Amino acid sequence: MSQDVIRDESARVPLIYDPRVRSIFFQVLLVVLLALGVWWIVDNTIENLRRSNISTGFAFLRGRAGFDISDRLIDYTSDSSYGRALLVGIANTLAVAAAGIVTATILGFLVGIGRLSNNWLIRKLAMVYVEIFRNIPPLLVILFWYQGVLAVLPSVRDSLSLPLGSYLNNRGFYFPRLVWEPGSGLILAGFIAAIVLSWYVARRARARQMATGERFPVFLTSVALIVGLPLLAYVVSGMPISVDYPQKGTFNLTGGTNVRPEFLSLYLALSFYTASFIAEIVRAGIMGVPKGQTEAYSALGLRSNDGLRLVVIPQAMRIIIPPLTSQYLNLTKNSSLAVAIGYPDLYAVGGTILNQTGQAIEVVVIFMTVYLSISIITSLLMNWFNTKMALKER
């Protein structure tokens, strides 16, 4: 009887007091409000564009750009389309982001380990570096490299001579360029084969070490493969590569490859700025490894360098990788500051297109899509790497 009474009482309770009903009601209400908000924004935008006689759509991307781009990794002229110009900007953004990520990672790891060094001088120098660059806005770092370092370099006539026929002046960095002649494809094939074989050797060596405890010289073997196979292909194919050295003239340098000061400034600034944050992440990751691990490898007779590389760093990576991903994303998005020094990245090229066409909404949508895609791809790759580096029970 009592259970029947309870059921009758619960049946008479209004639905508004049922937690499940209230949860569904508020979720539906939130979705409806969001849909109404989006509809209101879209309707207002379309009405304002109609009043201003501005056409919508992405057909403008097929129009003639009519402006030059100084730094470009793909073919482009002023007669190319707006779409081609955006591709140049995307390629430039990816180039400076990829180069900056590699350099910032290497420099950040070195400085982070240096902050824990037993050497007082190294430890203090690393601390000063981190505290300086971490507390300066990235735009000021970019302007420092552009106006305070590269702009005061000698002129072309007084270029600084560097090894391997390279030159450095206020117009950029000039270095020799490889000229690929017919038959050089075999060299590329040899290089790809060397990479694949190096990966296979590393995998087999790791499996062997886990099974028997015996180590294999993976690094030396990989270097021998990566250097030896392309060199062998170079000789077999008749040496089909020549070198174009930059030639110093009175007013200019001809030949070779030129990296302009805008790219160098942005690349160095983003690398040094982001490396200061990565250094702190690395330091925190190493300090997060229990001290007993250090005592354990010391008891086994491992030297500090080997213990750090084989014991501490692998365990610290599970702490380092998640915040490291955020720094990679920040570096990529900070590349949009290139507009301050005239480097034609995606944001700078898109801004020029926006001013010429007036297609503000479409250009901003392209910005959002490209940066979001880069961020998602970076996050997916880092999540995969984090999974591979996770500690697993044997």
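Contact is defined here as heavy atoms within 4.5 Å. Helices (H or I, at least four residues) and strands (E, at least two) are DSSP runs, numbered from the N terminus. The structure is a predicted model, in which local features need pLDDT of at least 70 and side-chain atom pairs count only at pLDDT 80 or more, whereas totals for chains, interfaces and linings use all residues. Residues are numbered from 1 along each chain as its sequence is written, and side-chain values use heavy atoms, with hydrogens and water left out.

The secondary structure of the chain comprises 12 helices and eight strands. Along the principal axes, the C-alpha atoms fill a box of roughly 95 × 75 × 45 Å. Buried residues (under 20% relative accessible area, with exposed over 50% and partly exposed in between; 1.4 Å probe, protein chains only) make up 32% of the 394 residues. Of the contacts between residues at least 6 apart in sequence, 68% join residues at least 24 apart.

An unreviewed UniProt entry places the feature "transmembrane region" at residues 21-42, 85-111, 132-153, 183-202, 223-243, 263-282 and 363-385. UniProt positions follow the numbering used here, feature names are shortened, and annotations may be inferred rather than shown by experiment. Among these spans, residues 85-111 are 100% helix and 0% strand, with end C-alpha atoms 38 Å apart. For residues 183-202 the corresponding separation is 30 Å, with 90% helix and 0% strand.

Helix H11 (residues 346-357) has 12 residues and reaches 16 Å from its first C-alpha to its last, close to the 16 Å expected at 1.5 Å a residue; the expected span is 1.5 Å times one less than the number of residues. Leu 346, Ala 348, Val 349, Gly 350 and Ile 353 are buried in H11, and the buried residues of this helix pack against helix H3 (82-114) and helix H12 (360-389). Gly 358, with a positive phi near 75°, follows H11.

The end C-alpha atoms of H12 are 43 Å apart, which agrees with the 44 Å that its 30 residues should span at 1.5 Å a residue. Buried positions in H12 include Glu 362, Val 363, Ile 366, Phe 367, Val 370 and Tyr 371, as well as Ile 374, Ser 375, Thr 378 and Met 382. The buried residues of H12 pack against H3, H11 and helix H10 (304-334).
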